[in-house]
Amino acid sequence: MPVESVQIADAVVTAIRAAVEGNPQRLALHQPEFKGNEWNYVKECLDTGWVSSVGKYVDRFEEQLATVTGSQYAVAVSNGTAALHIALLLAGVEAGDEVLIPSLTFVATANAVSYCGAMPHFADIAESTLGLDPEALKSYLRDIAVTRDGCTYNRMSGRRMRALVPMHTFGHPVDLEPLIEVCERYKLVLVEDAAESIGSKYKGRHTGTFGKLASLSFNGNKILTTGGGGAILTQDESLAKRAKHLTTTAKIPHAWQFEHDQIGFNYRMPNLNAALGCAQLERLPSFLHRKRLLTENYRQAIADVPHMKLYTEQAFAESNYWLQTIILNSPNLELRNEILRRTNENGLMTRPVWTPMHQMKIYANCPAMPLPVTEQMAQRIINLPSSPICAGDE
Ligand SMILES: *Cc1c(COP(=O)(O)O)cnc(C)c1O
């Protein structure tokens with residue numbers, strides 16, 4: 001190991017310690033915090049017996065989500081992957097279609113496409129946003145897309161391209177406006193994977209409200225959690241109704257009769273989880289505030305360490321800073337791995353970004369545009385301990 005990598009990795013450990021001063025020695029990547037009404041609301045579910053798929057907290061959570069995000073409708077479901085699955089079905093994705101998604105994402109984005117019997121088609125990201133690169137996408141589609149009968153086809157595969165799914169990486173909003181233009185030009189349905197970006201805004205408006213549909217996640221490691229859970233956002237009343245129907249086994253409402261008019265899904269969020277969600281949503285302003293403080297602490301501490309910088313939001317964005325992120329100045333696997341090793345050895349949980357989808361066997365045979373930025377960034381990203389508590393109690 002070159003001496004320099006070891007020294008830089010030690011400097012990163014020192015910088016993290018300085019930024020999170022006053023915290024315990026061991027820090028998780030992202031730990032949940034339950035200091036509000038979580039106990040009260042969950043206890044009420046247990047006391048009243050309303051723990052499962054019916055109960056007031058599900059309705060209340062959906063209303064609160066709509067208010068916080070400025071979305072017309074929110075439908076709570078069992079997890080973020082389920083939310084994306086239903087969002088894609090309602091976007092009209094059918095078996096045999098292709099869906100454009102970033103290669104640099106959590107596997108759930110690609111899996112949800114696969115659940116529809118469709119095929120992910122991988123697009124490259126921009127270094128500036130860590131999300132889909134609109135310019136690269138435009139020139140790629142100019143080459144491969146053919147439009148007929150109001151639909152766009154991939155002329156290499158012959159398959160219809162139905163939807164575009166941008167993902168707001170680590171909570172950082174992608175540049176949506178030019179992507180909306182691409183969708184209009186090529187008749188693609190915009191579905192936002194906003195799993196990581198509750199609390200994040202693009203040009204003042206909440207992420208997840210730009211697409212025809214969007215998905216949120218409330219998994220245990222996300223900025224706020226319901227234990228496990230997700231939601232579908234939409235601005236369209238009929239889509240919201242269909243989302244509710246499809247995720248609740250497509251049962252025709254009736255006092256005693258069980259009849260279903262579609263093959264639906266049991267993707268409901270239980271009341272117990274929604275109760276946790278209601279309490280967590282009340283705490284979102286505190287989480288967001290402390291995450292911004294933490295970013296500033298990290299930014300200053302990392303500023304003196306060579307070969308890297310802390311990722312900070314674009315001018316058009318207000319990020320929730322879900323995961324704090326170091327970007328190495330150039331791809332350097334050896335330095336990256338040494339930093340990961342030294343930090344984790346010291347009780348500071350850090351991790352690299354996901355393996356790009358096109359580099360995994362399960363998705364290696366899917367169509368893809370050239371992915372140079374994805375492949376570089378996969379070697380340059382390190383996520384740091386990011387819990388709100390890292391910037392103190394509140
Ligand atoms: C977390 C996440 C999901 C899926 O959410 P689950 O609730 O874990 O199913 C989907 N996409 C992205 C980008 C995520 O980070």
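Below is a chat about the domains, sheets and pockets of this model.

Q: What kind of model is this, and how are residues numbered?
A: This is a predicted model, where local features need pLDDT of at least 70, side-chain atom pairs count only at pLDDT 80 or more, and totals for chains, interfaces and linings use all residues. Residues are numbered from 1 along each chain as its sequence is written, and side-chain values use heavy atoms, with hydrogens and water left out.

Q: Great. Which domains is the protein divided into?
A: There is domain 1 (3-33 + 284-391) and domain 2 (38-282), with bounds that come from an automatic or database domain assignment.

Q: How many residues does each domain put into the contact?
A: Domain 1 gives 42 residues and domain 2 gives 53 residues, where contact means heavy atoms within 4.5 Å. The domain centres, taken over C-alpha atoms, are separated by 26 Å.

Q: Switching to sheets: what is the strand order in the four-stranded one?
A: The order is β12-β14-β16-β15, in an open sheet with antiparallel pairing. Strands (E, at least two residues) and helices (H or I, at least four) are DSSP runs, numbered from the N terminus, and two strands pair if DSSP finds at least two bridges between them.

Q: Which strands stand at the edges?
A: β12 (308-310) and β15 (351-352); each has a single partner strand, so one side of each is left without a neighbour in the sheet.

Q: And how many bridges between β14 and β16?
A: Four bridges link β14 (residues 324-328) with β16 (residues 381-384) in the antiparallel sense. Q324 has L384 in β16 as its bridge partner.

Q: Which helices pack on that sheet?
A: Helix α9 (residues 271-303) touches β12, β14 and β16, and its direction makes about 160° with that of β12. Helix α10 (residues 333-345) touches β12, β14, β15 and β16, at about 15° to the direction of β16. For those angles, axes are lines fitted to C-alpha atoms, for helices over the stretch in contact, and angles run from 0 to 180 degrees between N-to-C directions.

Q: What about the three-stranded sheet, what order is that?
A: β9-β8-β13, open and antiparallel. β9 (205-206) and β13 (317-318) are the edge strands, each pairing on one side only. Two bridges join β8 (residues 201-202) to β13, and K201 has E318 as its bridge partner there.

Q: Now pockets. What volume does the largest one have?
A: About 280 Å³. On a 1 Å grid over the protein atoms alone, a pocket is an open set of points where a 1.4 Å probe fits, with protein on both sides within 12 Å along at least five of seven lines; lining residues have an atom within 4 Å of a point. Points are joined across faces, edges and corners, and a volume is the space filled by probe spheres set on the points.

Q: Which residues lie nearest its centre?
A: F106, A108, A195, S217 and K222, out of 22 lining residues. The lining draws at least three residues from each of domain 1 and domain 2, and α4 gives the largest share, three residues.

Q: And the second largest pocket, what lines that?
A: K241, K244, H245, T248, T249, K251, I252, P253 and R268. The volume of the second largest pocket is about 180 Å³.
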